[in-house]
Amino acid sequence: VLQLTTICLSQILRRDMKNVAVVGCTVTLSPGDGIKQITTEASLKVKVNGNGVYFGSIDVDVSGYSDSTITVPGSGSGTITIKPSAKKMKVEGDYVILEGDSGDAMIDGKAQQGQTQVDVQSKVTAKIEVAGQVKVKAN
């Protein structure tokens, strides 16, 4: 197992470099909130601080979601795909996921209209808010 623990100091100091996302990273949803779980496996070969690096597209399963469109609490669910923005660093042949990478999808849910619940969709963004490590950066 290759441990990525150091990279060139001159690259770390570049302003366009972002932390590489690993298992344990923090995903946020907007405009609302719900339960989110990354279902794509991270690399088993490349790790930072013992946590696998995410690469290629990753899927975030969303459940229990609510926002101003999906007004029946916790009724929203779906999957959002986050694609990598890295242009230079690859792991296992695919670009790595970076802090700040995001994806959008339409999430299905319910809204209350009078006494009736109706099916609705809401455009939701999933974003890697915190990469889960600060040692390895890329762009």
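Reply: Strand S3, residues 26–30, has a covered face made up of Val27 and Leu29, and an uncovered face that carries Thr26, Thr28 and Ser30. The structure is a predicted model, in which local features need pLDDT of at least 70 and side-chain atom pairs count only at pLDDT 80 or more, while totals for chains, interfaces and linings use all residues. Residues are numbered from 1 along each chain as its sequence is written, and side-chain values use heavy atoms, with hydrogens and water left out.

S3 runs antiparallel to strand S12 (residues 116–130), and 5 bridges join the two; strands are said to pair if DSSP finds at least two bridges between them. Within this pairing, Val27 of the covered face stands opposite Ile128 in S12.

Ile128 also belongs to the largest nonpolar core, a group of 22 residues in which Tyr54, Ile80 and Ile128 touch the most other members. Two or more residues of this core come from each of S3, strand S7 (58–66), strand S8 (76–82), strand S11 (102–113) and S12. A nonpolar core is here a set of buried Ala, Val, Leu, Ile, Met, Phe, Trp, Tyr and Cys residues joined through side-chain atoms within 4.5 Å, and buried means under 20% relative accessible area, as against over 50% for exposed and in between for partly exposed, with a 1.4 Å probe and protein chains only. Apart from this core lies another, of 13 residues, among them Val53, Met89, Val91 and Val136.

Leaving out residues up to four places away in sequence, Ser43 touches Gly52, Val53, Phe55, Val91 and Glu92, where contact means heavy atoms within 4.5 Å. Ser43 is buried, with a relative accessible area of 1%, and its side chain makes a polar contact with the side chain of Glu92 at 2.5 Å; such a contact is a pair of N or O atoms within 3.5 Å, of which, within protein, one must be able to donate a hydrogen and the other to accept it, and residues adjacent in sequence count only if both atoms are side-chain atoms.

The protein chain as a whole has 1 helix and 13 strands, these being DSSP runs numbered from the N terminus, with at least four residues of H or I for a helix and at least two of E for a strand. Buried residues make up 39% of its 139 residues.
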